[in-house]
Amino acid sequence: RQLDHYGLHWDGDVLWQSQRHEAYREALTWLGEQGLSYYCTCTRARIHAVGGIYDGHCRDLGLGAENAALRLRQTRPVLQFSDRLRGTRIALPFPSVGATLAREDFIIHRRDGLFAYNLAVVVDDHFQGITEIVRGADLIEPTVRQISLYQHFGWQAPDYLHLPLALNGDGNKLSKQNHAPALPEGDPRPEIVRALRFLNQAIPEEWQALSIDDLLAQAVAN
C-alpha cells in the first residue's frame, strides 16, 4: 500500500510466498531424489559450541524427518561472485571464515516447517525469469548460498548488484528492526524529494508543481 501511495508501482502480479508452498516442496523433493539434502537435528547451541558454523555432523547419519531441519548437501560451493557495482569479482569478507561459510551445508527447510529464505527466493526468482537483482549490501552474504542453489538446480543465476545502505545517526540501517519511523501517508512528494537529495540528485525548482509520476520520471532519467 505504501509503495503504491508513493508511485512505486510493480510490473505484473505480485507473487506471494504463502501461495508457493507446493513449488518449494517440489524443489525439496527434487534435491532429495538427487541425494543433495539430508535431515539434521543439531541445535543452535551445539553449532555455537563448535564455532558457529555447521560442521556436517548429521551429513551421513541417515536421520528421519521428525524434529529435524533439512540441509543442502553442499557440492557446489561459491567462494566469490560478480557484483555489478562493487567489482567484477568480489570475495567474501574475512576470507577464511567466508570460505567456510560458503562450504556450509545450510538449512533449506526449517524444523518448524517453514521454508528457508534462500530456497524460496531462488525458486521464485527462477520461476519469474528474474535476470538482475538489485538490493542492499546487507544481503551480500547469502548471495553465495543462493548462487550455489542455482547451480545445484542447474539454473542460470541472475546478475547481482548490492547498493550501500541508508544509515541512521548511530550507523544502523533504516529498518523496522531498528525502529525507523514509517513513511508519512500524506503528500509523498516532499519525502521523495528528500530521498532524491540524499542520492545527490538535482531537484527541479518547480518540483511542487510536478505530479508524483513526473517527479519520479525525472529521477529515473537523471
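**Figure 1. The outward face of helix H8 in a predicted model.** On the face turned away from its buried side, helix H8 carries the exposed residues Val220 and Ala221. Exposed means over 50% relative accessible area, buried under 20%, and partly exposed in between, with a 1.4 Å probe and protein chains only. H8 spans residues 212-221. Helices (H or I, at least four residues) and strands (E, at least two) are DSSP runs, numbered from the N terminus. The model is predicted: local features need pLDDT of at least 70, side-chain atom pairs count only at pLDDT 80 or more, and totals for chains, interfaces and linings use all residues. Residues are numbered from 1 along each chain as its sequence is written, and side-chain values use heavy atoms, with hydrogens and water left out.

**Figure 2. The buried side of H8.** Leu215, Leu216 and Ala219 are the buried residues of H8. They line one face of the helix, because they fall within an arc of 95° seen down its axis. The arc is that of the directions from the helix axis to the C-beta atoms. These buried residues pack against H7. Contact means heavy atoms within 4.5 Å.

Figure 3. A cavity is a set of points on a 1 Å grid over the protein atoms alone where a 1.4 Å probe fits but cannot get out; a pocket is an open set with protein on both sides within 12 Å along at least five of seven lines; lining residues have an atom within 4 Å of a point. Grid points are joined across faces, edges and corners, and a volume is the space filled by probe spheres set on the points. The count comes to 1 cavity of 30 Å³ or more. About 30 Å³ of space lies in the largest cavity. Its lining includes Leu196, Gln201, Pro204, Leu215 and Asn222. H8 gives the most to this lining, with 3 residues.

**Figure 4. The largest pocket.** Its volume is about 2200 Å³. The lining has 47 residues, and Leu3, Leu8, Leu174, Leu183 and Ala195 lie nearest the centre. Helix H7 supplies the largest share, 6 residues. Helix H1 (2-5) and strand E6 (132-136) are among the elements that each supply at least two. By class, the lining has 29 nonpolar, 8 polar and 10 charged residues. Ala, Val, Leu, Ile, Met, Phe, Trp, Tyr, Cys and Pro count as nonpolar, Asp, Glu, Lys and Arg as charged, and the others, Gly among them, as polar.

**Figure 5. The second largest pocket.** This pocket holds about 700 Å³ of space. Of its 22 lining residues, Arg44, Arg71, Ile107, Arg110 and Arg145 lie nearest the centre. The lining divides into 12 nonpolar, 3 polar and 7 charged residues.

**Figure 6. The largest nonpolar core.** A nonpolar core is a set of buried Ala, Val, Leu, Ile, Met, Phe, Trp, Tyr and Cys residues joined through side-chain atoms within 4.5 Å. The largest has 28 residues; Leu31, Leu72, Ile108, Leu119, Leu149 and Phe153 touch the most other members. Helix H2 (21-33) and helix H6 (143-153) are among the elements that each supply at least two residues of this core. Apart from it lies another core of 9 residues, including Tyr6 and Ile192.

**Figure 7. Gln74 in its loop.** Gln74 sits in the loop between E2 and strand E3 (80-83). Gln74 is buried, with a relative accessible area of 9%. Leaving aside neighbours within four places in sequence, Gln74 has contacts that include Arg59, Glu104, Phe106 and His152.
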